[in-house]
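The sequence and model are shown first.

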Amino acid sequence: MSLISVWVSSPDTHSERRLGTDLTIHQLKLKLEPVTGIPLASQTLSLRRTAPETGHGASSSLGQLVDNLDDDSKTLADYGVQEYMTIRVDSSDPHARSLAGQFTDDSQVEKFELTEEEYAKRSDTVLAYKKRNQLGRFALTASPAPDAQPSIPSDLVPGARCQVSLSDELQRRGTVRFVGPTEFGPQDGSVWVGVEWDEPVGKNDGTVDGKRYFETGPLRASFVRPDKVTVGDFPELDPFADEDEDDEMEM
């Protein structure tokens, strides 16, 4: 069995899930019932290519339809489900469809509102707490020494292949395209690394706040801290390779 990451989208939810490719559609529906709130018997599943603008968790639009997952005995592998495709979950129950969105629509909820001036005068707010404790933008920052230079590894240079640790369990590969200070983030001379990802899993195309640092395709670029980046012989991973082959390659 191999595991893949997919987006699961419904009228009220959108989340990333890690699923085994040997999972049958019936077993998948059992798992999705508590996630989406749609009863197993009412679920209609469709497999879609993830739209570019929804690749990071938004659910404003649906990607191109690949297939309808309507055979409960087939597995995800049988349907050719691939990394970061979207499984759309809808309800065949007209009554259930009429209730879609009721838990996320707050337009009819009475709200308590304050003007910015009223909020700033209160002493029981997060803003007041941050001011008292000098947190966030109210923190005291020491000016860096005039001659201080960011310290980065000598092999961390544009063109180097790299692997980036985004979390304890998630690493992605790409190519270093930029190393240096930026006009975004704290203006303290700290260094950022611009990475061109092997897959379209990034946040931009090398441009941030109108400033271009390097050129690549949409969703191919991200900026990370140098301590997250390891430079080395990291070839592109084959998304269709078995998980065991990937583990052997990364040893």
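How many residues lie between β6 and β7 in the hairpin that they form? There are five residues between these two strands.

## Basis of the model

The model is predicted: local features need pLDDT of at least 70, side-chain atom pairs count only at pLDDT 80 or more, and totals for chains, interfaces and linings use all residues. Residues are numbered from 1 along each chain as its sequence is written, and side-chain values use heavy atoms, with hydrogens and water left out.

The protein has five helices and 12 strands (DSSP runs numbered from the N terminus: H or I of at least four residues for helices, E of at least two for strands). Of its 251 residues, 34% are buried (under 20% relative accessible area, with a 1.4 Å probe and protein chains only; exposed is over 50%, and partly exposed is in between).

## The five-stranded sheet

Five strands form an open sheet in the order β11-β8-β7-β6-β12, and their pairing is antiparallel (two strands pair if DSSP finds at least two bridges between them). β11 (221-224) and β12 (229-231) are at the edges with a single partner strand each, so one side of each has no neighbour in the sheet.

Strand β6 (residues 161-165) pairs with strand β7 (residues 171-180) over five bridges, and Arg161 has Thr175 in β7 as its bridge partner. β7 also pairs with strand β8 (residues 192-197), over six bridges; here Gly180 stands opposite Trp192 in β8. Seven of the 10 residues of β7 are buried.

## Aromatic pairs and charges

The whole structure contains eight aromatic pairs (rings of Phe, Tyr and Trp, the last by its six-membered ring, with centres within 6.5 Å; planes under 30 degrees apart count as stacked, over 60 as edge-to-face and the rest as tilted). One of these is the edge-to-face pair of Phe178 and Phe223, at 6.1 Å centre to centre and 70° between the planes. This pair links strand β7 with strand β11, across 45 residues of the chain, and both Phe178 and Phe223 are buried. The ring centres of Phe184 and Trp192 are 5.3 Å apart and the planes are at 55°, so this pair is tilted.

Phe184 is buried at 14% relative accessibility, as is Trp192 at 15%. The charged end of Arg225 sits over the ring of Trp192, 3.9 Å from its centre (the criterion is NZ of Lys or CZ of Arg within 6 Å of the ring centre and within 35 degrees of the ring normal).
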